[in-house]
Amino acid sequence: MIICIASGKGGTGKTTIATNLAVSLNGNVQLLDCDVEEPNAHLFMKPEIDHTETVTTPVPEVDLGKCDFCGKCGEICQFSAITVIGEKVLTFPELCHSCKGCMMVCPREAISEKGRALGVLERGTSGSVEFIHGRLRIGEAMSPPLITRVKEHIDPKKTSIIDAPPGTSCPVIVALKGSHFSILVTEPTPFGLNDLKLAVGAVRTLEIPLGIIINRCDVGDDRVARYAEQEGIPILMEIPDDRKIAEAYSRGIMVVDVKPEMRGRFRALYERITELVG
Amino acid sequence: MKELTIISGKGGTGKTSVVASFAALAKNKVLADADVDAADLHLILAPEIRHEEDFMGGRTARINLEACTECGECLERCQFDAISPDFVVNRIDCEGCGVCVHFCPVEAIDFAQNICGKWYISETRLGPMVHAKLGIAEENSGLLVSLVRNQARVLAEDRGFDTIIVDGPPGIGCPVIASITGASAVLVVTEPTLSGLHDLERVGGLAAHFKIPTLACVNKFDLNEEISDQIANFCARNHIELVGRIPYDTAVTYAMVAGKSIVEFSDGKVSGAIKEIWHRLEHFLKD
C-alpha cells in the first residue's frame with residue numbers, strides 16, 4: 001500500500017507524521033521523501049546511505065556541423081528552450097522540459113541528448129525502514145521529474161510512505177499520483193483550513209481516498225473539524241500542541257522517542273487507513 | 001523601485017504573518033502574494049477585488065477520436081506517458097509540449113491554451129494588492145508568479161509608490177525562482193529547528209546563486225535558542241544579514257483567527273520585534 005502524506009500549507013507536520021508512522025510499523029516499510037526542494041525526513045531518520053546517484057533529464061545538444069539552421073527545432077519547442085537565429089542555434093537547457101520534440105523534428109539528425117542534472121537521489125536504511133529521498137540541485141526549477149525518479153523506487157511488496165511537498169501544484173500532484181490513500185496534515189487555523197481545502201481539491205481530482213490529521217489541535221478554532229464533518233472526511237488523529245514534541249522536533253528527534261505511547265497511536269492510524277482503503 | 005520578497009525554504013515558518021505585519025507598517029507600497037498555489041495573505045488583508053483576469057497558462061493536447069486513425073504515432077512519441085492505449089490524453093500528465101500534435105498524420109489533435117487560474121488587483125485596508133489563484137492541480141505556477149510581480153510593478157508605478165512587498169512560496173523550485181529573480185532583496189523567515197536551518201542553507205544558496213542580497217530573521221527564536229544561535233552563525237559566515245529574532249507568542253495565532261496582522265492586533269513583544277525588523281529593512285532597501 002502507498003500512503004502519501006500531504007498538506008497544502010507548509011509546516012503543519014507532514015514530515016513528523018511520515019517519519020513516526022514509518023518507524024512505528026513493524027518492518028517491511030519504506031519512506032520516500034518526495035519534498036525534493038526541501039527534504040527534511042533524513043534529519044529525523046538519520047539513514048545510512050549506501051547508494052547515491054545524480055539524476056539527469058535529457059536536453060538537446062546541437063551538432064553545428066550537421067545543422068542547416070532550418071529552424072524547425074525552435075518552431076516545435078513550446079518552452080523557448082531552443083531557437084535558431086541566423087547561423088546560430090541558442091539552447092536554454094534550464095527551460096527544457098525533455099519532450100525531445102527538437103530531436104524528433106530535426107531533418108538532419110543534428111540534435112542529440114545530453115543530461116541536465118536535476119539533483120541527487122540517495123537510498124539507504126534507517127533501522128528496519130528503507131529510506132529514499134531526492135535533493136533538487138540548487139538553481140534547478142523543475143522538481144517533478146526528480147520526484148518521479150524517487151517514486152520509481154516504490155516496492156509494491158512494502159508499505160510505502162511518501163512525504164509530499166507543500167502546496168497544491170505540479171510537484172504535489174506528482175507525489176500523490178498512484179497513492180492508495182492520502183493523509184492531509186493540517187492545523188486548526190484560518191491558513192491551515194484554506195490550504196486544506198485546496199489540498200482536498202487536488203487529492204479528489206486524483207480520486208484518492210483521504211483522511212485528515214489535525215496537528216496542534218488545540219491552538220486555533222474548530223472550523224477545520226466542522227469542515228471535515230461537512231465534507232465527510234474522516235479525522236484520523238488529533239495531536240495537541242506540546243512543548244515536548246516541538247522541542248524534540250527542533251533537534252531532529254522523533255515524537256515516538258520522547259513519547260513512546262505515540263507508537264501505538266501511529267499503529268492504530270495505519271490500521272484505520274487499511275480499513276478505509278478496504 | 002524596491003522590491004522585497006519574503007521566502008522561507010521550509011513551509012509554515014510564518015512568512016505570511018510577517019508579510020501582513022509589514023503591510024501594516026510600510027507606507028506607499030504594493031503587496032503581491034506570489035504563493036499562488038496556497039495563497040493565504042488574502043485571509044488577513046480581506047481584499048476587495050477591483051480587477052479580475054483569467055491566467056492563460058500552457059496548452060494541453062486533446063485527441064479528436066472521430067478523426068483519429070489509432071496509428072499510435074502520438075503514443076510512441078509522448079515522453080510523459082500522457083496518452084492512454086485508447087487515445088485519450090490525461091490532462092494532468094500532459095506536459096503541453098505539442099509533440100503529438102506536430103506528428104499526428106491526420107491532424108486529429110487540438111492544442112488549446114488552458115485557463116490555469118485567475119489573478120486579481122484589489123484594494124485592502126493596508127494598501128493595494130495583486131494576488132492570484134492557481135487552478136487545482138494546474139501547472140505553470142512560475143509563470144503566474146512572474147505575472148503577479150509584473151502587475152504589482154505596474155500598479156506601483158501608476159500610484160507613484162516606491163516599494164513592493166512580495167509574499168513568496170516555500171521550497172526552492174520553479175515558483176520560488178520566479179518570485180526572487182531580479183528582486184532588490186530577499187528576507188528569509190526561518191525557525192530554530194534543524195529543518196529550518198537545513199532549509200535556510202538551501203534557500204540561502206538559491207538566493208546567492210541568483211546574486212540577490214539576502215537577509216534573514218528567526219521566528220519563534222526562543223523555542224530553541226541554541227539552534228537560533230547556530231542560525232546566526234550560519235548567517236554570519238554566509239553574508240546573510242540577520243535582521244531580527246521574533247519570540248514565540250500564541251497571540252500570533254489569535255491575530256490570524258481574528259483576521260488581523262499581529263502588529264494591528266496587539267502591542268506585545270512579537271509586534272515590537274517585527275517593527276524593529278521592518279525598520280532595519282527600510283534602511284537596507286534605501287541603501
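Me: How many bridges join β7(B) to β8(B), and do these strands run parallel or antiparallel?

Reply: Some conventions come before the answer. This is a predicted model, in which local features need pLDDT of at least 70 and side-chain atom pairs count only at pLDDT 80 or more, while totals for chains, interfaces and linings use all residues. Residues are numbered from 1 along each chain as its sequence is written, and chains are lettered from A and ligands numbered from 1 in the order in which they are written. Helices (H or I, at least four residues) and strands (E, at least two) are DSSP runs numbered from the N terminus, and two strands pair if DSSP finds at least two bridges between them. Here β7(B) and β8(B) run parallel and are joined by five bridges. Within this pair, Val189(B) stands opposite Cys217(B) of β8(B).

Me: What does the whole sheet look like, and which strands are its edges?

Reply: A sheet is read by the order of its strands. In chain B, nine strands form an open sheet with mixed pairing, in the order β3-β4-β5-β2-β6-β1-β7-β8-β9. Its edge strands, each pairing on one side only, are β3 (48-63) and β9 (241-246) of chain B. From one strand to the next the twist averages 20°; angles run from 0 to 180 degrees between N-to-C directions, and axes are lines fitted to C-alpha atoms, for helices over the stretch in contact.

Me: Which strand pairs with β7(B) in the parallel sense over four bridges?

Reply: That partner is β1 (residues 2-7) of chain B, which pairs with β7 (residues 185-190) of chain B. Ile7(B) stands opposite Val188(B) in β7(B).

Me: Which strands does α7(B) lie across, and what is the handedness of its β-α-β unit?

Reply: A crossover is right-handed if, with the strands pointing away from the viewer, the path from the first strand over the helix to the second runs clockwise. Helix α7(B) lies across β1, β7 and β8 (214-219) of chain B, at about 170° to β7(B). Together, β7(B), α7(B) and β8(B) make a right-handed unit. Another right-handed β-α-β unit consists of β8(B), helix α8 (residues 225-237) of chain B and β9(B). Five bridges join the parallel strands β8(B) and β9(B), with Glu241(B) in β9(B) as the bridge partner of Leu215(B).

Me: How many residues of β8(B) are buried?

Reply: A residue is buried if 20 or more other C-beta atoms lie within 10 Å of its own, exposed if 12 or fewer, and partly exposed in between, with C-beta atoms placed from the backbone. In β8(B), six of its six residues are buried. Thr214(B), Ala216(B) and Val218(B) point one way, and Leu215(B), Cys217(B) and Asn219(B) the other way.

Me: How many residues of chain B are in contact with chain A, and which helix supplies the largest share?

Reply: The size of an interface is often given as the accessible area lost when the parts come together. A count of residues in contact (C-beta atoms, placed from the backbone, within 7 Å) is used here. By that count, 50 residues of chain B are in contact with 50 residues of chain A. The largest share of the side of chain B that touches chain A, eight residues, comes from α7(B). The residues of that side divide into 20 nonpolar, 20 polar and ten charged, where Ala, Val, Leu, Ile, Met, Phe, Trp, Tyr, Cys and Pro count as nonpolar, Asp, Glu, Lys and Arg as charged, and the others, Gly among them, as polar.

Key:
Contact = placed C-beta atoms within 7 Å.
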